[in-house]
Amino acid sequence: SSPLPCSIHLIQVDSVQRWMEDLKLMTDCECMCILQSKPISIEKDEQNELILSLQYSTCDNLQLLLKRAWIVSTELTRIAQKLEKNRWQRVHNMTVRVNCHVRSMINEYSTFTRSSSEEMHQLEKLLVDKCSEFTAFTERCLQTEDEEILRSMKSCVNETLMTVAQYFGQLIELVLTQEAQNLLRQIELSGSLYVTESAISSLFSLAQEGAHLCRIIAKEGGVVALFKICRQDCFRCLYPQTLRTLASICCVEEGMHQLEKVDGIICLTDILTDTSHSEATHAEAAAVIAQITSPHLTFTQHLSSFLENMEEIVTALVKLCQEASSGEVFLLASAALANITFFDTMACEIVLQLNAVKILLAACSDKCVVDTPYSRDQVVTILANISVLDQCASEFIQGNGVQLLMEMLFEKSSSGNPAEAAACERVQQKSAVTLARLSRDPEVADAAIKLRCIPRLIKLCRSPTERNNSDSVLVACLAALRRLAVMSPDGLEDSDFQQLVKPRLVDSFLLCTNMEESFV
């Protein structure tokens, strides 16, 4: 299946927006330079009030910490670049900034952390000392102009830079591990719905920061703790949120291993087949299934237990597609089904037996349910995968499926968004693939010819803009055109036959891709 549109993470934002967000931290840093990182002495009672006023949620604190960490790691990279060019004044200025940011980060973290381990204190001290040494080193470099001395000092500065980066990386890893442990402890020990919900919400935010954070959470037992929640009726209202967090963590191999250990597939099957659960719970369980069955994953050890429960899971997903009350629910259920059809023909046969073709074709005519190219992408993926089965053709004819495939050949992005444009390309490509496969059946081929699929396929081959310059769409359209041309050779102009059908496919492909140059 195609990748679902994913949320934008911290680092992947507009550069101006990033600068605006970082400005406060940068000015804080300049203040810290002046104050030499010394806290202002205040009365004890006032200090307590100050600390209380700083008690944002764990999520906000972690965001602040990650932003500060991003600034430090960026500065360290830039120091290495300036050092390479012997820009000593810039190197020293940036070293002072890094020193202040590191101290600020440690101070900020100590205001909201519950308890720091001895290992944490030692690492903090090592890092602060090494940063001070780094600043002193670069200051000495400013005081000499002797090329020979600078050359010998450069290797020492480089070495110190590497050590600072190493200590900094270890500290961030330890901080994030500690935060994950704290949140998981809350989930494990709290009987309070509010505390558990808050901890799961913070864990979800942490998991959104990328694969590395997901590995930490999985390694600390996050998958085990979350499935434990999903097995307790008293937490039923938290199931959607818990399953959404599981879907995020299970994008990494460590998460999959944990899922296998706690019989996660069986738990997900129970949730999907239990009609007393809400649609939101079923949809989020489908999202976990979609994640763990993604064809893009290279690790598939968990799939043995999946195959044992596949029929029940597929039945529940088809039902969810049929009864979906919104586009989002349909997208999650159809994405899971699409991934499952990549497994083997047995999965496709189950989907076909459950009347899925009729259900999916009917859903496509409901604009409230199949409302985006992403949803149509999942639908046509399922149709392309099951079209390898001979008995699929009659289902298509009965459900007016050829008409839908023809419409999908016209899929075009309305927003110009790159992710949406890529989804449109996949819809065009897979509809052409499905058409090529189903046109083995004379009845399907006849319906396609009557619906004027041949002129549309020719247009997609000859006009790069119609297919958004996609080579995969071109190959699929050439294959479909050749299949239909066998059934209706009179439907093509002689020039189309000579250029698009008669030569080897690779020669027709090269001819059509070279047309791009004449269009520019």
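Buried, in this talk, means under 20% relative accessible area. With that cut-off, seven of the ten residues of helix H12, residues 264-273, are buried, so this helix is largely enclosed by the rest of the structure. The buried ones are Gly264, Ile265, Cys267, Leu268, Thr269, Ile271 and Leu272. Please keep in mind that this is a predicted model.

Now the overall picture. The protein has 27 helices and zero strands. Of its 520 residues, 50% are buried. If we take contacts between residues at least 6 apart in sequence, 75% of them join residues at least 24 apart.

Next, salt bridges. A search of the whole structure finds 17. One of them pairs the side chains of Arg68 and Glu108, at 2.4 Å from N to O. Arg68 is in helix H3 and Glu108 in helix H4, so this pair ties together parts that are 40 residues apart in sequence. Both Arg68 and Glu108 are buried.

Glu188 and Lys228 form another, with the closest N and O atoms 3.2 Å apart. This pair also links distant parts of the chain, with Glu188 in helix H6 and Lys228 in helix H9, 40 residues apart. Here Glu188 is partly exposed, with a relative accessible area of 38%, and Lys228 is partly exposed at 45%.

A local case is Lys450 with Asp446, where the side chains meet at 3.1 Å, N to O. Both lie in helix H23, residues 442-450, four residues apart, which is about one turn of the helix. Lys450 is exposed, at 64% relative accessible area, while Asp446 is partly exposed, at 38%. There is also a network of salt bridges that links Glu75, Arg78 and Arg97.

Leaving aside neighbours within four places in sequence, Lys82 is in contact with Arg87, Arg90, Val91 and Met94.

Last, the cavity search. Over the whole structure, one cavity of 30 Å³ or more turns up, and the volume of the largest cavity is about 30 Å³. Its lining consists of Leu65, Met105, Ile106, Tyr109, Glu124, Leu171 and Val175. Helix H4 (88-112) and helix H6 (147-189) are the elements that give two or more residues to that lining. The largest share, three residues, comes from H4. By type, the lining has six nonpolar residues, no polar ones and one charged.

How values were computed
Residues are numbered from 1 along each chain as its sequence is written. This is a predicted model: local features need pLDDT of at least 70, side-chain atom pairs count only at pLDDT 80 or more; totals for chains, interfaces and linings use all residues. Side-chain values use heavy atoms; hydrogens and water are left out. On a 1 Å grid over the protein atoms alone, a cavity is a set of points where a 1.4 Å probe fits but cannot get out, and a pocket is an open set with protein on both sides within 12 Å along at least five of seven lines; lining residues have an atom within 4 Å of a point. Grid points are joined across faces, edges and corners, and a volume is the space filled by probe spheres set on the points. Ala, Val, Leu, Ile, Met, Phe, Trp, Tyr, Cys and Pro count as nonpolar, Asp, Glu, Lys and Arg as charged, and the others, Gly among them, as polar. Contact means heavy atoms within 4.5 Å. Buried means under 20% relative accessible area, exposed over 50%, partly exposed in between (1.4 Å probe, protein chains only). A salt bridge is a side-chain nitrogen of Lys or Arg within 4 Å of a carboxyl oxygen of Asp or Glu.
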